[in-house]
Amino acid sequence: MINIFGCDNEPVFLDIIRDTVFSQTAFLPKKHAFHRFRNAEELMKCLDDRLIIPHLLIIDAHFDMSRTIECADKVHEMYPCCKLLIMSANEDDYFMSFECDSCGFIPKLSLQEKLPQTLAAILPRIDENAAESIQLTIYGNDNQCERIILRYSEIILLECVMKKVYVTFSDGSCFRVKCSMWRDVMQKFCMLPFAVPHQNYIVNMNYISKMSSTTLTISPIGKCISISKYRLKDFKALYAMLPDRSVSGHFFP
């Protein structure tokens, strides 16, 4: 699903954006949604909760008392593939689009005229799976920290061993993750398609090749992990909610 975020303090402009977005059906996939945000706190909470992945952010240059750059930085940090559009009633704000690393600027006075053609150019270039990415800081072979951006589908599992966190990638490589608390990592990853079968593991459910009431097997590494009886019910419920994996864009074991 393509998620388009509209951020403006004025409901009238959010209505214009919404109506324009849904008029571009020729360029939208079958599943798409428009989400309205009238202040930065609503947007920040949505981003922190990670319940909705933004693919396109259309934001006013003076959103919520000029918190636009703060919001743009947050989106770029969490979802580097998300595209940004800046809009403003003042055309001098055009230069802010560079500061926010946006892909375009639209004057509000011609929003109804300019937005359709801009969306027609941007929407076909959006890959709904490309935004499913996360930024991690890992320790390299020389024990130096390196910041990387990768898609969730590249992560098989995360494991906590002696208060140290390790991540295993789809190519079989494993690195230690720089982080403060394991519970912070759990909070970041505890979303579909990730779940916690055991207090020391977070697994990508798209890599489960076999599961019983007590254990599961992760492919392609063949690792067997215990399932806590206290987590089994919730884990099975989350697994049942997974979309068809061959369609979702995630790895199909």
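Tutor: Here are the ring contacts, pair by pair. This is a predicted model, where local features need pLDDT of at least 70, side-chain atom pairs count only at pLDDT 80 or more, and totals for chains, interfaces and linings use all residues. Residues are numbered from 1 along each chain as its sequence is written, and side-chain values use heavy atoms, without hydrogens or water.

Rings of Phe, Tyr and Trp (its six-membered ring) pair if their centres lie within 6.5 Å; planes under 30 degrees apart are stacked, over 60 edge-to-face, and the rest tilted. A search of the whole structure gives six aromatic pairs. One of them joins Tyr94 and Phe105, edge-to-face, with 5.8 Å between centres and 90° between planes. Tyr94 lies in the loop between strand 4 (83-88) and helix 5 (96-99), and Phe105 in strand 5 (residues 105-107), so the pair ties together parts 11 residues apart in sequence. Helices (H or I, at least four residues) and strands (E, at least two) are DSSP runs, numbered from the N terminus.

Now burial. Buried means under 20% relative accessible area, exposed over 50%, partly exposed in between (1.4 Å probe, protein chains only). Tyr94 is partly exposed at 38%. Phe105 is buried at 17%.

Another pair is Phe169 and Phe175: centres 6.0 Å apart, planes at 40°, so tilted. Phe169 is buried at 9%. Phe175 is partly exposed at 22%.

Ring pairs also link Tyr94, Phe95, Phe98 and Phe105 into a cluster.
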